[in-house]
Amino acid sequence: MKPASFKYFYPKDLAEVFSLLEKYGSRARLLAGGQSLVPLMNFRLSRPDFLVDLNGISELSFIRNKSSNIEIGAMTRARAIEGDHLIGLHVPMLRIATTQIAHLPIRSRGTIGGSLANADPAAEYPAVALALNMDLVVQSVGGERRIAAKDFFLDSLTTALAPNELLTKIIVPKIPKRSGFSFIEIARRRGDFAIAGVATQLTLSGKNVKTVSLALFGVGPVPTRLVAAERVILRDGINDKAIQAAATVVEDEIDPIGDLHATAEYRRRLAGVICKRALKQAVSNARNA
Ligand SMILES: Cc1cc2nc3c(=O)[nH]c(=O)nc-3n(C[C@H](O)[C@H](O)[C@H](O)COP(=O)(O)OP(=O)(O)OC[C@H]3O[C@@H](n4cnc5c(N)ncnc54)[C@H](O)[C@@H]3O)c2cc1C
């Protein structure tokens with residue numbers, strides 16, 4: 001299949017991008033790695049009149065070390081994130097999750113900004129953004145705003161981005177001391193989108209759990225923080241009984257979708273099982289940190 005015809009722009013700076021978005025609004029689409037958008041255009045599920053290619057904007061591609069955060073430019077390729085030592089050191093979950101995205105050629109083109117803006121319910125980056133409380137910085141001619149990941153993903157393939165806005169950078173908190181994480185996904189084949197997956201990170205304080213986040217993906221229209229299960233762990237601590245109780249709460253609190261890949265009931269059971277595994281891994285990781 002070939003895409004419907006469109007007018008192509010290759011802006012050289014952000015000012016040009018903003019003015020194109022202002023002029024064409026929802027009739028324009030931004031092109032990042034093209035790994036989601038181009039297939040959609042080829043199937044004519046997306047038919048933009050104007051395509052604004054971001055690949056000439058070098059200032060959107062960076063990984064910067066700040067005191068308590070790592071800042072990542074929206075056009076940073078998954079492959080760059082996977083191999084970056086700062087990410088490996090300060091945001092290890094992001095590195096591990098990246099290795100599970102598709103295959104090498106796709107990771108070599110696909111960008112973190114493209115994946116977050118695309119908001120596929122089974123994608124890895126939105127779940128990691130939610131689990132790690134990332135902030136997404138978006139810009140338009142009107143200025144800049146910072147959106148917490150929990151407020152960014154509104155529905156399947158739908159975000160809080162306005163048609164004239166560009167996601168420019170992602171602010172990723174560094175992993176605190178005495179923390180552990182786990183990233184587990186179940187797919188039929190390595191590199192496939194997840195049937196269900198979970199991203200978790202927890203921080204210990206003495207023998208207690210100071211913070212815990214559990215973000216489930218592939219199970220509903222958007223990645224979801226499992227707040228009730230997190231509360232069980234914060235209340236009861238991290239022992240086998242509490243982990244089992246949290247997993248039971250997960251199975252009760254979610255409303256999974258059923259599709260060609262798995263029934264809703266299968267996803268419900270899977271969610272409980274992977275949450276249990278993830279919490280065990282994360283705590284053992286934190287104890288050895
Ligand atoms: C065979 C195959 C398997 C895949 N498997 C997986 C997988 O397992 N897990 C996974 O997560 N992904 C998977 N993907 C998708 C891949 O990771 C994409 O790269 C990613 O979803 C989109 O990133 P991109 O840079 O290619 O964005 P594009 O495809 O260029 O854009 C995606 C959308 O985001 C918008 N956009 C892009 N950048 C910005 C920005 N800075 N600001 C605002 N809007 C923006 C575009 O307008 C478009 O609507 C797979 C893709 C293929 C082809």
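Are arginine 107 and glutamate 82 buried or exposed? I looked this pair up and noted that both arginine 107 and glutamate 82 are buried. I keep in mind throughout that the model is predicted.

**Entry 1: salt bridges**

I began with the salt bridges and noted a count of 12. I then looked up individual pairs.

The side chains of arginine 107 and glutamate 82 form a salt bridge, with 2.8 Å from N to O. Arginine 107 belongs to helix α6 (residues 104-109) and glutamate 82 to helix α3 (residues 78-82), so this pair ties together parts that are 25 residues apart in sequence. I also found the pair in a network of salt bridges that links Arg79, Glu82 and Arg107.

Next I looked up lysine 169, which forms a salt bridge with glutamate 71; their closest N and O atoms are 3.5 Å apart. Here the partners are in strands: lysine 169 in β10 (residues 166-173) and glutamate 71 in β5 (residues 69-73), so the pair ties together parts that are 98 residues apart in sequence. I checked the accessibility of glutamate 71 and got a relative accessible area of 10%. Glutamate 71 is buried because this value is under the 20% cut-off.

The last pair I noted is arginine 189 with aspartate 192, whose side chains meet in a salt bridge at 3.0 Å, N to O. Arginine 189 has a relative accessible area of 58%. The cut-off for exposed is over 50%, so arginine 189 counts as exposed.

**Entry 2: helix pairs**

I turned to helix packing. Two packed helices are described by the angle between their axes and the distance between the axes.

How do α11 and α12 pack? Helix α11 (residues 240-253) packs against helix α12 (residues 264-287) at an angle of about 150°, and their axes are 8 Å apart. That angle makes α11 roughly antiparallel to α12. I recorded the crossing of α11 and α12 as right-handed. The contact includes Ile243, Ala247 and Val250 of α11, and Ala271, Cys275 and Leu279 of α12. Charged residues also take part, among them Asp240 and Glu251 of α11 and Arg268 and Lys276 of α12. By class I noted 7 nonpolar, 2 polar and 6 charged residues in this contact.

For the second pair, helix α5 (residues 92-99) and helix α8 (residues 124-131), I noted an angle of about 165° and axes 10 Å apart. These two helices are therefore roughly antiparallel to each other. The crossing of α5 past α8 is right-handed. On the α5 side the contact has Met93, Leu94, Ala97 and Thr98, and on the α8 side Glu124, Tyr125, Val128 and Ala131. These residues divide into 6 nonpolar, 1 polar and 1 charged.

**Entry 3: backbone phi**

Most residues other than glycine have a negative phi.

What is the phi of arginine 44? I noted a value near 65°, which is positive in a residue other than glycine. Arginine 44 sits in the loop between α2 (37-42) and β3 (50-53).

I located arginine 178 in the loop between β10 and β11 (179-186). With a relative accessibility of 38%, arginine 178 is partly exposed.

Methods
Residues numbered from 1 in each chain as written. Predicted model: local features only at pLDDT ≥ 70, side-chain atom pairs only at ≥ 80, totals over all residues. Heavy atoms only, no water. Salt bridge = Lys/Arg side-chain N within 4 Å of Asp/Glu carboxyl O. Helix = DSSP H or I, 4+ residues; strand = E, 2+ residues; numbered from the N terminus. Buried < 20%, exposed > 50% of the residue type's maximum accessible area, 1.4 Å probe, protein only. Axes fitted to C-alpha atoms, helices over the stretch in contact; angles between N-to-C directions. Parallel < 35°, antiparallel > 145°, perpendicular 65-115°, else oblique. Left-handed = near helix turned anticlockwise from the far one by under 90°. Contact = heavy atoms within 4.5 Å.
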